[in-house]
Amino acid sequence: MSDVIVIGGGPAGMMAAIKAAEKGCKVTLLEKNNICGKKILITGKGRCNLTNTKSWSEFSTHIHPSANFLKPAFFNFSNAATIDYFNSIGLPTTVEQGERVFPRSMRAADVPAVLVERMEKLGVEIICSSHVLNVSYSDALFHCLCSRSDSLRGERMDMVKYSAPVLIIATGGLSYPGTGSTGDGYEFAKSLDHSVTETFPSLTALMPRKYDTDLVGIELKNVGLSLFIDMDLIKIEDGDLTFTSNGIEGALGFRLSRRAVLALMNGQRVELVLDLKPALSLEKLRARISRDLERMGVTAANVGRNRFRTLLRGLMPAALVDPFQHHHPDLSLSNLPDKLKEWRFEIKSYTGYERAVVTAGGIPQKEIIAKTMASKKQPNLYFAGEILDIDGDTGGYNLQVAFSTGALAGQSAAQQILKLKSL
Ligand SMILES: Cc1cc2nc3c(=O)[nH]c(=O)nc-3n(C[C@H](O)[C@H](O)[C@H](O)COP(=O)(O)OP(=O)(O)OC[C@H]3O[C@@H](n4cnc5c(N)ncnc54)[C@H](O)[C@@H]3O)c2cc1C
């Protein structure tokens, strides 16, 4: 029998299994997919942004709902430690703009590959195609009932029960359920006396009430985006955004989506205001447009349709000119600077878990000991990763949460095993 069972072979579960095994534990990892780390394959657009090098004071501002909970796990296995660790197990890394860290190979698949290799070296029993159906606790053991399928033929084969004195649940959230994250762990946690804070999709697309389909596919660099809720300004961010068939997304849209989704769930009015010229004040933009007009030899009286469009092409990507004009039927030379600085989108809905990057909500922070990742409800039980009520912005923060909480849960589980064996 194993000392520790880990449910979930994502980044958090794999790191937990590795750290427990490094401390001498006999570990079994149960994963319902036929491979570990299926979600990692699609991270960072197939390149896997595995962490971010920002110092804690900055890093922590990208963690929600409260970064304090993550602090002990982060300082136990920090972003720097994560990079060193991956380098030491055969994954060289590189740092890109925004302090984002990627495998030097730029292949996300290399991340689960080195983690699986490390687990195999440490003797972790990796049991894929093993879907845990329920978890129970009796006679000082956790029992995980699994349906095991033939990984080659995908056929249901049999029901198997695995038992161990210590359990780590790292089953992820609800986002991109095709990768295996279908919220099973919430039910396991509930059956072990935990509650679950309401979950909602975060880092997701926001759909405007009026949305011109000719916007779809346009990417904007270095623009500003402000979030208004019930007419109050909540947040202003700068960066890049993308218009897709799901609405406004990209790094900039995602950064505001968490707060926007919460407001929409509460029935509040949500508006995004796009600033196409964030580097220029309204006065400076007016002066710039006047100079452009002078150079073109154009006045308000003789501007005409074609020259107005030439002016617009100098102020925005060519593909944006038509949708910008459609969206502002009253557009004129005099109100152009205001419209460039304030393109309003009332948001009517958001994309659900099927395409949300992370799940916010989960196992409440107050039910977990932050210094160990141990349950306060059930002895010898630990949690790690996205199943917890903790989520980050885009930029490598979520995988770092998974690695830090996974490492701490694995180390703490190993310490607990030592304690149990010495009794
Ligand atoms: C498209 C996309 C891109 C992303 N890009 C990035 C990025 O570049 N950088 C970043 O930091 N974050 C990124 N993220 C977020 C990041 O991938 C997740 O936060 C992270 O994978 C969470 O790790 P986890 O181990 O907690 O959960 P998961 O990765 O969800 O792993 C949970 C595992 O548990 C298994 N499991 C679930 N239930 C059971 C069960 N009943 N029995 C057995 N096994 C079970 C699942 O099959 C899964 O393998 C991205 C997410 C998406 C969807």
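Biologist: In which strand does Ser138 lie?

Modeller: This is a predicted model. In it, the strand that holds Ser138 is β8.

Biologist: Is Ser138 buried or exposed?

Modeller: The count to examine is that of other C-beta atoms within 10 Å, which for Ser138 is 8. A residue with 12 or fewer such neighbours is classed as exposed. Ser138 is therefore exposed.

Biologist: How far apart in space are Ser138 and Ser163, C-alpha to C-alpha?

Modeller: In sequence, 25 residues separate Ser138 from Ser163. In space, their C-alpha to C-alpha distance is 9.9 Å.

Biologist: Which element gives the most residues to the shell around the ligand?

Modeller: Three elements, α1 (11–22), β8 (130–138) and α12, each supply at least two residues of this shell. By class, the shell has 14 nonpolar, 17 polar and six charged residues. The largest contribution is four residues, and it comes from α12.

Biologist: Which of the 37 residues around the ligand come nearest?

Modeller: The shell around the ligand comprises 37 residues. Those that come nearest are Gly8, Gly10, Gly172, Gly180 and Gly385.

Biologist: At what angle do the axes of α1 and α12 cross?

Modeller: Residues of α1, including Pro11, Met15 and Ile18, meet residues of α12, among them Leu399, Phe403 and Gln411. The residues of this contact divide into 14 nonpolar, five polar and one charged. The crossing of α1 with α12 is right-handed. The two axes come within 7 Å, and the angle at which they cross is roughly 35°.

Biologist: Why do the buried residues of α4 lie on the same side of the helix?

Modeller: The buried residues of α4 (residues 79–88) are Asn79, Thr82 and Phe86. They lie on the same side of α4 because the arc they cover around the axis is only 55°.

Biologist: Which residues are exposed on the other side of α4?

Modeller: The buried residues of α4 pack against β3 (51–52), α2 (56–59), β5 (93–96), α5 (110–121) and α12 (397–422). On the other side of α4, the exposed residues are Ala80, Asp84, Asn87 and Ser88.

Biologist: Which residue with a positive phi follows α4?

Modeller: The phi of the residue in question is near 100°. That residue is Gly90.

Biologist: Is Lys45 buried or exposed?

Modeller: Most residues other than glycine have a negative phi. Lys45 is not a glycine, yet its phi is positive, at about 55°. Lys45 is placed in the loop between β2 (27–30) and β3. Because 9 C-beta neighbours lie inside 10 Å, Lys45 counts as exposed.

Biologist: What is the phi of Glu99?

Modeller: Glu99 belongs to the loop between β5 and β6 (100–103). With 16 other C-beta atoms within 10 Å, Glu99 is partly exposed. Although Glu99 is not a glycine, its phi is positive, at about 60°.

Biologist: What is the omega of the peptide bond from His64 to Pro65?

Modeller: Most peptide bonds are trans. The bond from His64 to Pro65 is cis, and Pro65 has its place in the loop between β4 (63–64) and α3 (71–76). The omega of this bond is near -10°.

Biologist: What percentage of contacts between residues at least 6 apart in sequence join residues at least 24 apart?

Modeller: The chain contains 12 helices and 23 strands. Of its 423 residues, 43% are buried. For contacts between residues at least 6 apart in sequence, the share that joins residues at least 24 apart is 72%.

Terms used: Residues are numbered from 1 along each chain as its sequence is written. This is a predicted model: local features need pLDDT of at least 70, side-chain atom pairs count only at pLDDT 80 or more; totals for chains, interfaces and linings use all residues. A residue is buried if 20 or more other C-beta atoms lie within 10 Å of its own, exposed if 12 or fewer, and partly exposed in between; C-beta atoms are placed from the backbone. The arc is that of the directions from the helix axis to the C-beta atoms. Two residues are in contact if their C-beta atoms, placed from the backbone, lie within 7 Å. A residue is near a molecule or strand if its C-beta atom, placed from the backbone, lies within 6 Å of it. Ala, Val, Leu, Ile, Met, Phe, Trp, Tyr, Cys and Pro count as nonpolar, Asp, Glu, Lys and Arg as charged, and the others, Gly among them, as polar. Axes are lines fitted to C-alpha atoms, for helices over the stretch in contact, and angles run from 0 to 180 degrees between N-to-C directions. A crossing is left-handed if the near helix is turned anticlockwise from the far one by less than a right angle, and right-handed if clockwise.
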